[in-house]
Amino acid sequence: MEASNVPALRQAGAVSTKAHGPKSGEYLTFRLGSEEYGIDILKVQEIRSYEQPTRIANAPDFIKGVVNLRGVIVPIVDLRLKLNCPTAEYNSFTVVIVLNVKNRVVGAVVDSVSDVLELSRDAIKPAPELSAASVDTSFITGIGSVGERMLILMDIEGLMSSAEMGLMDAAIAA
């Protein structure tokens, strides 16, 4: 491709200028407390009702334990605890979103799953720039607007494979 064509392609939207910026596509939406979040539907393997996992000794509070999912041992992460949300009760709406992250299966506990939404690039605004000392926004890819609803769009793969989660080997996470 000739270099002279690149600016025209950028203007037409054919070339992304930000590698990890918000992108149009389908998002699974879920609730954590009163907030609504969205994750890339392509990372979702299945949605299951919550069952008490087997606790792992010395694991951080946000790792609830592991479950056996058709012969695969799956770590279960409570996103409410991980994201410092007020603790909610486990009830009939509580579900586990089973994710496929960097070829590993991980479960994420959420209050409830809402629906699947298709968001255009116009419906997604960049994540707010906040002081890193006060708020970690590194796993927020953007804010989606659907009517009166605001969705916090998450980089679930980045969050689950981060070093502090301890779910992936350093070589896999890189």
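Okay, housekeeping. Residues count from 1 along each chain as its sequence is written, and side-chain values use heavy atoms, with hydrogens and water left out. Since I'm showing you a predicted model, local features need pLDDT of at least 70 and side-chain atom pairs count only at pLDDT 80 or more, while totals for chains, interfaces and linings use all residues.

Let's start with the sheet. Six strands form an open sheet with mixed pairing, in the order β8-β1-β2-β11-β10-β9. Strands here are DSSP E runs of at least two residues, helices are H or I runs of at least four, and both are numbered from the N terminus. Two strands pair if DSSP finds at least two bridges between them. At the edges sit β8 (112–119) and β9 (124–125), each pairing on one side only. β9 runs antiparallel to β10 (residues 140–146), joined by 2 bridges; K125 has I143 in β10 as its bridge partner.

Now look inside the sheet, at E36 in β2 (residues 35–40). Is E36 buried or exposed? E36 counts as buried because its relative accessibility is 8%; buried means under 20% relative accessible area, exposed over 50%, partly exposed in between, with a 1.4 Å probe and protein chains only. So what does the E36 side chain do for a polar contact? It pairs with the side chain of S114, at 3.2 Å. By polar contact I mean N or O atoms within 3.5 Å; within protein, one must be able to donate a hydrogen and the other to accept it, and residues adjacent in sequence count only if both atoms are side-chain atoms.

F30 is in contact (heavy atoms within 4.5 Å) with E36 and S114 too, and also with I39, L79 and I97, among others beyond four places in sequence. F30 is one of the residues touching the most other members of the largest nonpolar core, which has 26 residues. A core is a set of buried Ala, Val, Leu, Ile, Met, Phe, Trp, Tyr and Cys residues joined through side-chain atoms within 4.5 Å. β6 gives the most to this core, 4 residues. Apart from it lies another core, of 9 residues, including Y50, L69, I76 and V96.

Last stop: the largest cavity. Its lining includes L69, I76 and V96, and β3 (44–49), β4 (63–69), β5 (72–78) and β6 each supply at least two lining residues.

Conventions. On a 1 Å grid over the protein atoms alone, a cavity is a set of points where a 1.4 Å probe fits but cannot get out, and a pocket is an open set with protein on both sides within 12 Å along at least five of seven lines; lining residues have an atom within 4 Å of a point.
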